[in-house]
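Welcome, and thanks for taking a look at this one. Please open the model and keep it in view while we walk through a few of its helices.

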Amino acid sequence: MSDRLLQFLLIDPDPIFRLGLKVTLETIPNLQVIADVATETAALQVLSDINSRQIKLIILELDNEQLELQFCKQLKALYPHIPILLLSSQPQPELLIAAKAIGINGYCPKGISISQLVPIIQEVANGGYYWFVDPVIVNSPLPFFKLRNNLQNSGIKNIDQALFQITEQLKLPEKTLLNKAILAGQRRELLAARWVVNHLLTTEEERQKLPRKILSSQIVFQSDSQPLINIPPVVSSQKLQSELLTLCLSKLQFPLHNISNTPLEIDILREDKKRELLYIILQKFSQQLDEIYAFNFDKNQLFNLTDKILMDLWQFTITKFFGNYSQITLDKQEINVVKFLLDKTTNSQTEIIKKAPLFFELLSYLLLFTDLYIDNISYPAGSTEAQSQALVILENLFIHIANTVIQPLLNYLADVETIKQNFYDRQMISTREIEKFRNNLSWKYQLYQYITEAQTIFESRYELFIFSPRGIAKISIYSPRNQELAQLSGIPLGVTLILEFRDAISPRIQSLVGFLGTGIVFVLTQVIGKGLGLVGRGILQGIGSVSLTEKGQRKNK
């Protein structure tokens, strides 16, 4: 590579991908990301603030929209001397053809390795061209390629609609056992048909590129409630991730009502909405693992990424979950729900989002194949025990993110009719019930902030929520929390001191109470009891003597 410093601008809405690509490329000599931004507006601002001659290349994420092509035209008009390299995860052939026609210099898929990407960047930055050729597209003429995609999408859409209708019918309580059995059989047939459509209309190359995007292809349904998992042995971190996510996916079919004694934010949702919310989180987390895995981060880099991953997961979930109901009326004004909730995010809410227990340990296990240290035991990576412990952490993560997604909704839009109609359980739609629910949550927050959290830190444990066959349950696991204990102050620190004082004096008080109790028993039984016994005996003897004397006197008369 030339000694000349190659500076480039990175434009991508995904913060994890931007950070990962930036960190990875800057480890290579003579490459420098001069700026990384999420939006077109921010990119134009950067280009206007600095000398555009410094930038030798613009790397731009191309989504399946026409907006990016318009932005590309704008860049080419304003800065014709800067080459543009497009990246995309799922490109449409016609978009690539249009991009090439407006003068874009290159394209490659997002999943390409860094060793392949670096020479491509150098080639395009030096005025060359590079257009990645997908063998799937080469082997499929464009009309046939589009026809095949349309057939596949149309078929899966029809199957999904039929699956939804049958699932809704199975929920009806008036259905007879025979009708439910027939519907269950139809459901299994549709699931099998979906699997066939995915495999017959997808080439082997495409299936290899999508190992985890459709996790349901690894599940064969045995009955309505018990899926039979067919997973190959774990031999790599990627297969380990796939197995764990598939197991979690199957557990999402369990009932989702709360059976713990702790109120949860998602308790206000209908069960189908809870499941939809958790599915969104699972799918996004799976995508995040794919993206992070491609960059080969070390442990320190991964640790620095944890907060960004959680915030990206939370923001994406809010956008996706509320996207279909984005416009509502509030105080006679039309507002965008997603933008409103994201704008209302406070520092305290951000801190709550980042407090996902053992999240870094889970990422290290899934991405770096490290052993899992839980409950004072080290579990070898990939072992059955490690998978079981990792599944517990993963389930709690999904429930934690789901709760933090609903929290701002309850704070600002809880009593909006559109929200209640589309999301809430029917027993929670009255204003009185909503206020009771919010008050219970408020008490939980206060108790957790001042007492519960301090107690669990002092006791070196976490309380985690899991999916059980009866609903969402709560368990407790041991984990060292000495650093958090050292940072406590104010009321939480006072709570730990009270607990420590109670632990210190409790055995002494018990001993004292035991000693006093023994003394009291001795006095009552040996002193007072015997004294009362002697007095009673004397009285009885006296009564007896008087009686005998009186009888003798009567006889003498």
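How are helix 11 and helix 12 oriented to each other? Before we get to that, please keep in mind that this is a predicted model.

**Helix 11 and helix 12**

Helix 11 covers residues 271-293 and helix 12 covers residues 299-322; their axes come within 10 Å and cross at roughly 140 degrees. Angles over 145 degrees would count as roughly antiparallel, and the two helices are therefore oblique to each other. The crossing in which helix 11 passes helix 12 is right-handed.

**Helix 1 and helix 5**

Another pair to display is helix 1 (residues 15-25) with helix 5 (residues 114-125), whose axes lie 12 Å apart and pack at an angle of about 80 degrees. An angle of 65 to 115 degrees counts as roughly perpendicular, and helix 1 and helix 5 are therefore described that way, as roughly perpendicular to each other. From helix 1, Leu 21, Thr 24 and Leu 25 take part, and they meet Ile 114, Leu 117, Val 118 and Ile 121 of helix 5. By class, the contact of helix 1 with helix 5 has six nonpolar residues, one polar residue and no charged residues.

Here are the two pairs in one place.

| Helix pair | Axis distance | Angle | Orientation |
|---|---|---|---|
| Helix 11 and helix 12 | within 10 Å | roughly 140 degrees | oblique |
| Helix 1 and helix 5 | 12 Å | about 80 degrees | roughly perpendicular |

**Helix 4**

Which residues of helix 4 are buried? In this helix, residues 93-101, they are Pro 93, Leu 95, Leu 96 and Ala 99. Looking down the axis of helix 4, the buried residues fall within an arc of 160 degrees, so they line one face of the helix. Ile 97 and Ala 101 are exposed, on the face of helix 4 turned away from the buried side. Just after helix 4 comes Gly 103, with a positive phi of about 105 degrees.

**The whole chain**

Zooming out, the protein chain has 20 helices and 14 strands. It has 557 residues, of which 41% count as buried. Among contacts in the protein chain with a separation of 6 or more, 70% come from residues 24 or more positions apart.

How values were computed
Residues numbered from 1 in each chain as written. Predicted model: local features only at pLDDT ≥ 70, side-chain atom pairs only at ≥ 80, totals over all residues. Heavy atoms only, no water. Axes fitted to C-alpha atoms, helices over the stretch in contact; angles between N-to-C directions. Helix = DSSP H or I, 4+ residues; strand = E, 2+ residues; numbered from the N terminus. Parallel < 35°, antiparallel > 145°, perpendicular 65-115°, else oblique. Left-handed = near helix turned anticlockwise from the far one by under 90°. Buried < 20%, exposed > 50% of the residue type's maximum accessible area, 1.4 Å probe, protein only. Arc of directions from axis to C-beta. Contact = heavy atoms within 4.5 Å. Nonpolar A, V, L, I, M, F, W, Y, C, P; charged D, E, K, R; others polar.
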